[in-house]
Amino acid sequence: MTNKAAVSFTTGLEDPDRVTVAFLVAVGAAEQLTALSVEFPRDALALAVGHQLDLFLADALGLRDRIGGALVIWDETDPWFGFLLGMQAFGLEECGLYPRAEAAGMRALELEPSDVWAHHAVMHVYEMQGRFDIGLRFADERRTDWAKGNFFVPHNSWHEAPVHLETDDTAAALAIYDRVLHNAESGDVALEMLDAASLLWRLHLGDHEVGDRWHPLAEAWAGKAEQCWYVFNDMHAAMAFVGAGRLDDAHALVDQLETYLAANPDRSVSNVAMTAEVGLAVCSAIVAFGEDRYGEVTTLLYPIRRIIQRFGGSHAQRDAVARTLLEAAIRNRETALATSLVSERLSVNERSPFNWLQLSRIGLGRDAPR
């Protein structure tokens with residue numbers, strides 16, 4: 001019932017007192033907003049805030065049905081209708097309903113070309129379907145609509161970067177990192193730092209050179225080290241510490257999470273439950289990976305791979321964890337496990353060059369379908 005996850009580093013709140021108040025306000029917010037939207041389905045603000053809470057809780061059905069349950073009361077003459085379609089598009093995508101998600105997102109953009117959330121939803125669709133060239137072209141053709149004047153520019157730019165990696169264009173991915181994700185002028189906003197760590201971690205798993213980029217990012221995360229508010233962000237802090245070789249800080253983060261759980265036994269608090277069920281294991285696995293303890297990584301991550309969504313984020317964001325598990329299995333020569341994991345990935349997205357490359361690494365190389 002309690003949603004501390006929705007109030008996280010991502011909010012940018014730095015004052016602990018403000019955060020505490022926000023935590024109290026957020027208690028039961030997702031459920032209360034659901035009830036409000038049933039009674040007042042034309043309350044656009046309730047729908048929008050509830051949609052964001054569903055994202056932080058990784059409630060895919062909520063992302064889909066909160067908006068879907070209100071749409072029949074709306075029509076295209078309403079000025080906010082396009083924005084509702086953009087939200088619906090993301091919910092449909094997170095439920096794997098890709099054609100319907102793409103249609104909803106494109107219609108949303110017809111009604112409101114500057115809807116950055118609709119753009120975000122369509123980019124998700126193309127990434128999940130492995131339609132990488134189309135995704136990059138879509139982003140580029142509409143750049144003037146989404147790439148200026150809004151706080152979501154870094155995250156939508158981040159969605160281009162993994163696509164570049166799929167097409168083996170590391171330089172383009174790093175250019176996005178330097179331009180918008182983290183640089184000397186960055187304000188150490190957690191949403192941007194999260195995306196920055198996620199991108200560098202994918203490069204780290206592939207043994208790509210990233211220069212000195214890890215160190216200022218890790219320093220930025222160190223400034224938030226005392227904030228056990230949202231373990232999904234803690235995971236990315238762990239990535240940054242490991243990538244920068246700051247293993248003492250990475251271990252300290254894991255110790256802090258253990259202390260946090262011991263001091264907060266109430267699992268009705270969202271972040272406590274997320275940390276206990278998923279987050280602590282993921283952060284511990286990242287540290288183990290950094291110390292070449294690959295067998296421990298697979299031991300920690302394999303049992304929770306079916307519930308990893310419980311600590312928030314999207315399918316695209318959580319893929320960093322799935323890739324960590326797969327890379328650890330390959331490095332630890334757990335061939336049967338690695339084969340199963342790659343097969344799972346190909347069964348969902350057979351267009352991904354990354355997936356086919358992993359298949360060849362375990363000795364089962366074959367031509368990808370055209």
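**Exercise 1.** In which loop is the place of Asp 188? Determine also how its backbone and its accessibility are to be described.

*Solution.* The model under study is a predicted one.
Step 1: Asp 188 is found in the loop that runs between α11 (170-181) and α12 (190-205).
Step 2: Although Asp 188 is not a glycine, its phi is positive, at about 55°.
Step 3: The relative accessible area of Asp 188 is 34%. Buried requires under 20% and exposed over 50%, so Asp 188 is classed as partly exposed.

**Exercise 2.** Describe helix α15 (residues 247-263) by its span and by its buried and exposed residues.

*Solution.* 
Step 1: Helix α15 has 17 residues, and the distance from its first C-alpha to its last is 24 Å, close to the 24 Å expected at 1.5 Å a residue.
Step 2: The buried residues of α15 are Ala 250, Leu 253, Val 254, Leu 257, Tyr 260 and Leu 261. Because they cover an arc of only 115° around the axis, they lie on the same side of α15.
Step 3: Exposed on the other side of α15 are Asp 248, Thr 259, Ala 262 and Ala 263.
Step 4: Helices α14 (231-243) and α16 (270-290) are included in what covers the buried residues of α15.

**Exercise 3.** Which residues of helix α20 (residues 353-361) are buried? Identify helices that cover them.

*Solution.* 
Step 1: Phe 354, Asn 355, Trp 356, Gln 358 and Leu 359 are the buried residues of α20.
Step 2: Their cover includes α10 (153-166), α18 (315-331) and α19 (335-348).
Step 3: Just after α20, Gly 363 adopts a positive phi of about 85°.

**Exercise 4.** How many residues has the largest nonpolar core?

*Solution.* 
Step 1: The largest nonpolar core has 113 residues; Leu 199, Leu 217, Trp 221, Met 235, Val 282 and Phe 311 have the most contacts inside it.
Step 2: Helix α16 gives the most to this core, with twelve residues.
Step 3: Apart from this core lies another, of five residues, among them Ala 29, Ala 30, Leu 33 and Ala 46.

Methods:
Residues numbered from 1 in each chain as written. Predicted model: local features only at pLDDT ≥ 70, side-chain atom pairs only at ≥ 80, totals over all residues. Heavy atoms only, no water. Buried < 20%, exposed > 50% of the residue type's maximum accessible area, 1.4 Å probe, protein only. Helix = DSSP H or I, 4+ residues; strand = E, 2+ residues; numbered from the N terminus. Contact = heavy atoms within 4.5 Å. Expected span 1.5 Å × (residues − 1). Arc of directions from axis to C-beta. Core = buried A, V, L, I, M, F, W, Y, C linked by side-chain atoms within 4.5 Å.
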